[in-house]
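I opened this entry to look up a sheet and a metal site. My notes follow the model.

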Amino acid sequence: MQAVQDYIDKNRERFLQELFDLLRIPSVSADLAYKSDVARCADSVADHLRKAGVDKVEVCETAGHPIVYGEKIVDPAAPTVLVYGHYDVQPADPIDLWETPAFEPAIRKTAIHPDGAIFARGACDDKGQMFSHVKAVEAMLATGQLPCNVKFMIEGEEECGSSNLASFVAGNRDRLKADVILISDTSIIANDTPSIDCGLRGLSYVEVEVTGPNRDLHSGVYGGAVANPITILAKMIASIHDENNHITIQGFYDDVQVLDSAERTELNKAPFDLEAYKKDLGIAAVWGEKGYTTLERTGIRPTFELNGIWGGYTGEGSKTVLPSKAFAKISMRLVPNQSSDTITRLFSEHFTRIAPQGVTVKVTPHHGGEPVVTPTNSRAYLAASRALEQTYGKKPIPTRGGGSIPIVALFERELGLKTVLMGFGLDSDALHSPNEHYGVFNYFQGIATIPWFYKYFAE
Ligand code: BES
Ligand code: MN
Ligand code: MN
């Protein structure tokens, strides 16, 4: 293992520059204006895999953005690790809030990252974390120390719903055969407090359209006499949380798995500094469902969030208009054993039911995903736990992640495989926000930890 670490140390500067090159490609999957950049990024990932010594590297076309596949079979009798990650990123907007441009990576020190952090869209989510695997495998192959077979499946549509991954997985069952799925696309508690996410929330994403009159109206001539769809939409949305911030959609909590008090106590043992949390976000108080802590609100409870709301006139100056339509984008985070389809249906029925006469409501489902919990007693989890303990000097704490990686449930269903979420980012790394960053420490800690996982998993 010393040889592997020596190799990493010796190639430190190149490993950083290569990640920078990847970060310069604006692989925004949600926006078709970037389609060729996304394709260029897939080609670049494929090149890096080939240079790392991975075989059978292929850029697999899909109906959407390509999936990069590659494998290294060192010994058919050895266990096989399937690494999943994504090379696509979220849109960079609002771009004027970036201190340095989103696709021109720059290193700056922060309070949390005194050794410097790489600022760029995708630095943490997920290019930096995904690329740690490429570099770790390169280091193991270069030093003749890869004790497991490895397969890579790096997709380009994670940030927009992974709509073509299911059919790729179904059509490549044999090729994807493995013993475990390893993903670095989650967070640890802090750089001195390692943790492993053992659950992710599911997702129901919907868009609603409320229509009032058949055209935009003069707000003086008609205002006060015709329902304004923006007012109606705002009222309907406000009614979704009651005074305890409990969600009022009928049947919403029916399938929610309730944790017993021992499990809740265990979850709340994870270090969490409420004051630091508020300070980091610039808020005077946290908010949420009554009777639950912040860790529970993001870990084991479902939520209803507005992601965007619009309608009427929002341009410069003023326009006295009573608009015909109002819109919102909404995401609901789900926990075991809620189902994405059921929640989407319950929301749709509820929203239609509470709409007053005088408006019509249209609900359009977008992507979704199922919640998962991953085992803490599997060979793979124990290998990850030992690996983190090796490089952080502390045993990692099992936690629940608030975000979603919908394909984890899909892998379990389609391939019968469990996942280990060995993430290296921090929640405060501004994922999906302006000034996303990834600690230089975190990047190299990932590269150093992954080989230990292979070593322990092979044992
Ligand atoms: N890497 C995140 C998910 C994540 C982040 C999990 C932090 C746990 C901790 C992933 O790229 C992501 O953003 N997923 C989306 C879902 C997708 C369907 C758009 C999400 O959670 O909103
Ligand atoms: Mn991600
Ligand atoms: Mn993301």
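**Sheet, then metal site**

I looked up the sheet: three strands make an open, antiparallel sheet in the order E4-E5-E21. Strands are DSSP runs of at least two residues, helices (H or I) of at least four, numbered from the N terminus; two strands pair if DSSP finds at least two bridges between them. Strand E4 (106-108) and strand E21 (437-439) are at the edges with a single partner strand each, so one side of each has no neighbour in the sheet.

The model is predicted: local features need pLDDT of at least 70, side-chain atom pairs 80 or more, while totals for chains, interfaces and linings use all residues. Residues are numbered from 1 along each chain as written, chains are lettered from A and ligands numbered from 1 in written order, and side-chain values use heavy atoms, without hydrogens and water.

I noted three bridges between E4 and strand E5 (residues 117-119); Ala106 has Phe119 as its bridge partner in E5.

Next I checked the manganese ion (ligand 3). Asp125 (OD), Glu159 (OE), Glu159 (OE) and His432 (NE2) coordinate this ion at 2.1 to 2.6 Å. Donors are N, O and S atoms within 2.8 Å of the metal (3.2 Å for Na, K and Ca); water is not among the atoms, so sites may look incomplete. Asp125 bridges ligand 3 and the manganese ion (ligand 2), 3.6 Å apart. Asp125 lies in helix H4 (residues 123-142) and Glu159 in the loop between strand E6 (149-155) and helix H5 (165-171), so the pair ties together parts 34 residues apart in sequence.

Asp125 is buried at 8% relative accessibility, and Glu159 is buried at 13%. Buried means under 20% relative accessible area, exposed over 50%, partly exposed in between (1.4 Å probe, protein chains only).
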